[in-house]
Amino acid sequence: MTNEPTPAGSAPDAPSMTPGPAIADHDIAAHVPRLRRYATALVGNRYDADDLVQDCVEKALANRHALRDPSRLGGWLMSILHNLHISVLRGRRRRGAEVPVEELADDLALSAPPTDRAEVRDFVRAFGQLTEEHRAVLLLTGMEGLSYREAAEVLELPIGTVMSRLARARERLRVLLDGGAEQAVVRRIK
Amino acid sequence: MTTGETHPVTEADLHAWIDGELPDERRAAVERHMADHPDDAQRFERYRAQRALLARSFGPLIDQPLPDRLTPPFAARDAVATGRAGWAGRARVWGLALAASLLLFVAGGATGWVARDRAGGGRQADPLTAAFIADAVAAHRVFTVEVRHPIEVGVDQEAHLVSWLSKRIGRTMRCPKATKSGYELIGGRLLADSDGPVALYMYEDAAGRRITLYIRPTPSPAGTAFRFAQDGGLQALYWQDNGLALAITGDLDRATLSGIAEEVYGALNS
């Protein structure tokens with residue numbers, strides 16, 4: 001229908017060419033807090049996250065007629081955000097100089113109960129050392145509660161790739177948090 | 001029990017197990033595997049803990065107030081997304097709006113708290129000026145967003161905090177609690193305004209929202225009723241009592257702020 005980022009497997013949609021009901025601002029707004037949480041955890045700072053979410057909202061509105069099944073709005077927005085993020089990363093590849101995650105780590109530590117603060121701070125810092133791919137798969141499955149299939153749709157990957165990436169990400173994070181040697185988990189995935 | 005036997009348990013099974021995606025018929029095999037492989041059991045315990053920490057660390061982000069540019073109505077741009085210069089401009093305007101003028105009004109006894117020993121009655125004679133509120137609100141803005149050093153002395157050194165501030169302010173300063181309202185004292189700092197030293201106490205609730213209590217000595221021993229001031233998104237409630245001018249500031253509704261003020265007032269007069 002368009003070359004918009006559309007989750008793979010949107011087959012259940014009827015092959016009709018008539019656009020569905022247009023999505024209203026408030027439909028999208030309802031997803032913004034969640035998109036923003038995901039984006040902040042993914043990029044490691046609020047500023048880039050807000051830019052990303054804003055771009056995502058703009059792009060979704062500009063293409064609001066492309067989404068035929070309103071019940072898929074959440075996944076569709078996540079896909080758009082993911083694709084925008086990938087293009088931002090490509091553009092930035094040679095620039096380096098990202099906003100350090102320390103500020104977010106301190107910030108989130110202060111939002112946590114006092115007894116959890118040190119743990120939260122260490123966790124956010126360790127999480128920030130993962131690759132973006134690893135962060136994305138951990139967040140989608142672990143925090144956003146997406147199934148493997150839904151995560152695969154957002155990331156536009158085969159399910160098997162999502163599972164092996166998740167296994168690698170968890171192990172990498174475990175070593176960052178606990179130390180020790182990394183297990184070759186993916187060799188054992190099948 | 002027999003279904004899973006033919007397939008050895010894979011790493012993917014173990015992940016599917018903690019993610020709730022394992023088919024029921026594989027569960028027994030995986031649980032047996034975990035019992036037989038304590039190293040795997042331990043490793044997956046850590047993965048579970050990771051997931052809990054993920055939610056605990058990033059979960060609160062969902063409650064963060066949204067910036068203007070992320071709240072509807074979104075600018076009409078059905079056609080083609082343009083650059084974001086317009087948005088940046090809007091953000092700057094928003095920043096300026098924060099510095100907008102103060103709105104002051106009297107709370108008219110809404111809290112049921114009545115002025116004690118109120119001198120005169122004319123507001124002209126009142127040392128609680130707009131400048132006092134402006135200073136209190138400015139201090140709130142500057143220090144509550146501070147991540148590394150919101151306070152100088154933490155509540156873990158409460159005795160030191162009290163004696164230090166008392167010495168500098170020249171009055172017996174206590175650290176009033178606001179725990180009934182859900183706020184914990186995190187500490188305090190010494191500030192200066194045009195009239196001399198000021199104490200600032202900071203409190204935080206479980207969600208990380210912060211309020212401040214700004215206290216300046218005044219020459220007048222008179223007490224006044226609570227009054228509200230509003231500046232941008234912030235509400236301040238201020239009053240005067242026992243030779244101190246006090247202001248509680250936060251991004252809160254008035255009823256909540258009144259509850260906190262009454263608790264603080266009670267703590268200071270107990």
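**Two chains, questioned term by term**

Visitor: What makes strand 6 of chain B largely enclosed by the rest of the structure?

Guide: In this predicted model, strand 6 covers residues 227–231 of chain B, and 4 of its 5 residues are buried, so the strand is largely enclosed by the rest of the structure.

Visitor: How do you know that strand 6 and strand 7 of chain B pair?

Guide: Pairing requires at least two bridges between the strands. Strand 6 and strand 7 (residues 234–241) of chain B have 5 bridges, in the antiparallel sense, so they count as a pair. Within strand 7 of chain B, B:Tyr238 is the residue opposite B:Arg227.

Visitor: What lies between strand 6 and strand 7 of chain B in the hairpin?

Guide: There are 2 residues between them, and B:Gly232 in the turn has a positive phi of about 60°.

Visitor: Why is B:Ala245 called buried?

Guide: The cut-off is 20 or more other C-beta atoms within 10 Å. B:Ala245 has 24, so it is buried. This residue belongs to strand 8 (residues 244–250) of chain B.

Visitor: Which residues in helix 1 of chain B are buried?

Guide: In that helix, residues 11–18, the buried ones are B:Glu11, B:Ala12, B:Asp13, B:Leu14 and B:His15.

Visitor: What covers the buried residues of helix 1 of chain B?

Guide: The cover includes helix 9 of chain A, along with helix 2 (24–36) and helix 3 (38–58) of chain B. After helix 1 of chain B comes B:Gly20, with a positive phi near 70°.

Visitor: Where does the name "Putative zinc-finger" come from?

Guide: The name is a UniProt domain feature from an unreviewed entry, placed at residues 11–35 of chain B. Such annotations may be inferred rather than shown by experiment. Over residues 11–35 the model of chain B is 80% helix and 0% strand, with the end C-alpha atoms 15 Å apart.

Technical notes. Residues are numbered from 1 along each chain as its sequence is written. Chains are lettered from A and ligands numbered from 1 in the order in which they are written. This is a predicted model: local features need pLDDT of at least 70, side-chain atom pairs count only at pLDDT 80 or more; totals for chains, interfaces and linings use all residues. A residue is buried if 20 or more other C-beta atoms lie within 10 Å of its own, exposed if 12 or fewer, and partly exposed in between; C-beta atoms are placed from the backbone. Two residues are in contact if their C-beta atoms, placed from the backbone, lie within 7 Å.
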